[in-house]
Amino acid sequence: MSTASYLELLHWSLPEMALVLTALVVLGADLVGLREAAPRHRFLAGALISTLGAGVAMVLLLLQTGEANWMNGIFVSDSLIRITQVSLLVLGMFTFLISSQSDFTRHPPEYFCLLLLALTGLLFMVCTENFLVIFVSLELASMCLYVLAAFNKGDPRSTEAGLKYFLFGGLSTAFTLFGISLMYGISGHLDLRQISAALQAARPDPLMVPAMVMLLVGFGFKVAFVPFHLWAPETYQGAPAPSAAMIASGSKLASFFVLAKVLLMGLSAGGGLDFPNLNSGWVPVIALAAAASMILGNLAALAQTSVRRLLAFSAIAHGGYVLLGILAQNGLGVGAMLYYLLVYGLTIIGAFAVIARVERATGSDDFHAFAGLRHRSPLLSFCMAVFLLSLAGIPPLAGFFGKFYLFAAALNTGTGRLEWLWLVILALLTSAVSLYYYLRVLKQIYARPTGGQTPCGMEISLESLAIVALAGAVVLLGCAPEWLVDRLVQAAPFLKLH
Amino acid sequence: MLAWTIYLSLGAAAGLMFLPRGRGSPRVLALMTALACLALTLIAFWQNPGGEMRTVVRLPWIPTLGIEYHLAADGVSLVLVVLTGLAAVAGILFSWNVEERANEFFALFLALIGGVYGVFLSFDLFLFFVFYELAIIPKYFLIVIWGSTRKEYGAMKLALYSFAGSALVLIGLLAAYVTAGAHTFDLASLAQGGFARPFQLWAFPLVFVGFAILAGLWPFHTWAPTGHVAAPTAASMLLAGVVMKLGAYGCLRVAMVLFPEGLSEWSFTLAGLSSWREVFATMAAVGIVYGALVALVQRDFKFVIGYSSVSHMGFVLLGMLSLHPLGMAGSVLQMFSHGILAGLLFAVVGRMIYDRAHTRDFGELQGFPLRRALPFATFSFVVAGFASMGMPGFSGFVAELQVLIGAWHAFPALALTAGVGIVIGVAYTLSAMHKAFFNESPRPPQPGAGLTLTAEPALTQLQPISLPEKIGAGLLMIVSLVVGLYPRILLDPILHSLHGPLFQALLKGGNP
């Protein structure tokens, strides 16, 4: 093995460095100057510093060009990965901004520090092809997110959310690690490409089955597809709104990207193995999981009366749609998946920001808390309508184009046989179901009289600006998706599949 | 220039949405917008009397996926665009009395109109679909906020039926796009592509049913009566007047043009039916008779009109499935005619009567001698009723006659069934007319003077018909009369378009 050039690594990982430094700056600034300030100001300062840090990281990222592959895939960088990382940073920045008005804790700097470290973990997660680094960065992100979910110490539901997330997450980590060790045992490698090559060269090994099952279980928990979705409703319901937004947006984007990479690169289906065809064994499993997620997520969401729980179940259903991008098994499918996840992330962050605002005014996220919201705050209601209709997939909002792009990519596998037509039909029909529950919320907001509840107006603040900007982004990405789609299509070949 | 109908409507909608309450008059702004759009459509119609296919705008939109921003118009589009303009103006005139949240009402109304214009002008299927779905949400909110009877139920049912229908359409469109090589959504290119026959045989029914749900095809029509009844007057005018036409237009323009071989004969016969064409034509004929029969027994005045819409839309679908030039032209003409007449009928029932009498129940309407209290409403309803039951001289007659001739060439038995439907149509229209307006005797004389005491105050309570209503009703009646007396004004462009390249494969019966 040649000696590693740490200077090169330092050069390529500058954005991540910037995030870690920002985490320290947030802590330090509070320690030095803001200890006596009101919690409101400390939140605001934390949000501003964190956003600035993420902005610096983004600039550093955008300045990078070309490709890097450090030490056989321990650290890689190419334009597809950079698009993913920029998306993560955008989602992270909006998460910081919507936290700026929060009041759930007396320790804002620690909160932002953990958010930044989670974001760092997510960034590292997507820029590697090595199982060990994937595992370590996944843990870095997860550990932070467990704490973030439980950060509202005064609320037992937040504790429940954190504990449940932690227990399920810990279990899934064990599975992932077990799967990785089996995979290492079979192939003798930790690098995805080398694993793939070794698997194709060797005879099918029966140990592949447990290895693959373990990996799927582990990642299944992370991205919450059925049947590994059980933590989602309570975590979404109990966690502080910005934490829930981070879990639903950034964490999901990175986890899906890594899942796609592991499946498509490491366990590539076209392995040239005939029956029992162990290498491609994950395809039917993922297809079934996608179908089950769409059906269960959408049907369970029908019965909810808490908006957060409703979004949790709808997130499970959206996870099912996203799996279609992996099933397409090509770069275009992954590109469509990234577009969908970015749009979904922006939308869900916006929705959680609105929920946070309503919760601060009424103390609840139940349907009745939203009744007549239109009379209390027309702008907030309009933004919520944009977010929910985008989730339902109504044009010209971004959610519609995301769905369209994803389903077209899933059908366009290049064989001309429309293999996934049944799954696309299922996805479209279940998304017709989903319109019902999104409209139920909007009916409360627009058609019901207000119950004489406390007003929740839109004063000029960082949070309000973020909500409006998010709604604007959702409209804009839906009306003019070309610039992003073009980039994704150009970057797609970087996912060098066999 | 025709593209400005879309921009003006959507722009005014956005403006009204963000206009501070109490500033300016939303209804005046809405009326000006609708009039401007109507003027644009009339100019376009005037400049293109032959119904040539003319491109309005054609720009790349999402070139990576082969999606274009492609607006164009041929004779069929022009006729329907003019209908949209008329329905929009009439709808605003009949909602002159909306005071509650008027800004939002007219914003949603104009957003719906903008989407409808877009559908009729789109010749790129992705764009078509975007506009098609854009119309769903305004409909929902118009009904759920300003509606009446069971509005939440009716609104949700309508939204879900529309959305499920468009999901079916999207499946078919995506499959067609990918099968054709995933590089274009242009209608003409896709239609020329010539899909394999087995593919057309499953994609055609999927897309056709998806659109036909919105056109009120039996047995998928159940959203229509409840939706129409629940909607506020202007919204039911639009629903029956143009939104149902969106579905019918989609069937003709997209499903049938894209998959002409889907209409051809199967290799087997099932229950006497041997092609999708016969299956759907039979459903359309059943819808004609079924809608008419159900309308015959309603007690709620608005339900009569709602079911009559289902019946009349059956003619539209039957006509286009005849694949005979006369039948298809009659089908488009019937879309126009029904759009005008159903709008007028809903305006009379929903605005002139219900807003004043606060009841639509025939039993309770007896208490008002409507014939004397609202002579103008009576007059309008008599004209609209006779026109819609097919009296010569009005648009309905020409349209239904042509549909029947076309259908007679293709399916004689179904043409006879449709004829029976017309007879029942006469029955329910006359019966409703009698029960609502001319039914004064049946109440037995009560002991004492109770009758005069209850009836006379009611007579004086009813406000007279206002000027905007008179203008709106007059406009619709005159249009129906003009088209009835001189149908060539619409038929020429329609027939010209139907003989254009897009419809060639269809006129050959779907056989290559």
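Colleague: In which loop of chain B does Pro219(B) lie?
Modeller: This is a predicted model. The peptide bond from Trp218(B) to Pro219(B) is cis, with omega near 0°. As for its place, Pro219(B) sits in the loop between helix 9 (197-215) and helix 10 (223-230) of chain B.

Colleague: Is Ala271(B) buried or exposed?
Modeller: Ala271(B) is in the loop between strand 3 (265-270) and strand 4 (273-275) of chain B. Its phi is positive, about 55°, although Ala271(B) is not a glycine. Ala271(B) has 7, so the answer is exposed.

Colleague: And His358(B), buried or exposed?
Modeller: His358(B) is found in the loop between helix 14 and helix 15 (362-365) of chain B. Its phi is near 60°, a positive value in a residue other than glycine. Inside 10 Å there are 10 C-beta neighbours, so His358(B) counts as exposed.

Colleague: How are helix 14 of chain B and helix 17 of chain B oriented to each other?
Modeller: Helix 14 (residues 325-357) and helix 17 (residues 375-388) of chain B pack with their axes 9 Å apart, at an angle of about 150°. Angles over 145 degrees count as roughly antiparallel. Helix 14 of chain B and helix 17 of chain B are therefore roughly antiparallel.

Colleague: What is the make-up by class of the contact of helix 14 of chain B with helix 17 of chain B?
Modeller: The crossing of helix 14 of chain B and helix 17 of chain B is left-handed. Helix 14 of chain B brings residues including Leu341(B), Leu344(B) and Met352(B), while helix 17 of chain B brings Phe381(B) and Ser388(B), among others. By class, the contact has ten nonpolar, two polar and no charged residues.

Colleague: How do helix 18 of chain A and helix 21 of chain A lie to each other?
Modeller: Helix 18 (residues 378-392) and helix 21 (residues 462-479) of chain A have axes 9 Å apart. Their crossing is left-handed, and the angle is about 40°. Helix 18 of chain A and helix 21 of chain A are therefore oblique.

Colleague: Which helix gives the largest share of the side of chain A that touches chain B?
Modeller: 28 residues of chain A are in contact with 28 residues of chain B. On the chain A side, helix 19 (398-411), helix 20 (421-447) and helix 22 (482-491) each give two or more residues. The largest share, 13 residues, comes from helix 20 of chain A.

Colleague: Is Trp422(A) buried or exposed?
Modeller: Trp422(A) lies in helix 20 of chain A. Its C-alpha atom is separated by 26 Å from that of Leu439(A), 17 residues apart along the chain. With 11 C-beta neighbours inside 10 Å, Trp422(A) counts as exposed.

Colleague: What is the radius of gyration of chain B?
Modeller: Chain B has 23 helices and four strands. The globule rule gives 24 Å for 512 residues, and chain B comes close to that, so it is as compact as a globular protein of that length. The radius of gyration of chain B is 22 Å.

Conventions
Residues are numbered from 1 along each chain as its sequence is written. Chains are lettered from A and ligands numbered from 1 in the order in which they are written. This is a predicted model: local features need pLDDT of at least 70, side-chain atom pairs count only at pLDDT 80 or more; totals for chains, interfaces and linings use all residues. The radius of gyration is taken over C-alpha atoms; the globule rule is 2.2 Å times the number of residues to the power 0.38. Two residues are in contact if their C-beta atoms, placed from the backbone, lie within 7 Å. A residue is buried if 20 or more other C-beta atoms lie within 10 Å of its own, exposed if 12 or fewer, and partly exposed in between; C-beta atoms are placed from the backbone. Axes are lines fitted to C-alpha atoms, for helices over the stretch in contact, and angles run from 0 to 180 degrees between N-to-C directions. Angles under 35 degrees count as roughly parallel, over 145 as roughly antiparallel, 65 to 115 as roughly perpendicular and the rest as oblique. A crossing is left-handed if the near helix is turned anticlockwise from the far one by less than a right angle, and right-handed if clockwise. Ala, Val, Leu, Ile, Met, Phe, Trp, Tyr, Cys and Pro count as nonpolar, Asp, Glu, Lys and Arg as charged, and the others, Gly among them, as polar.
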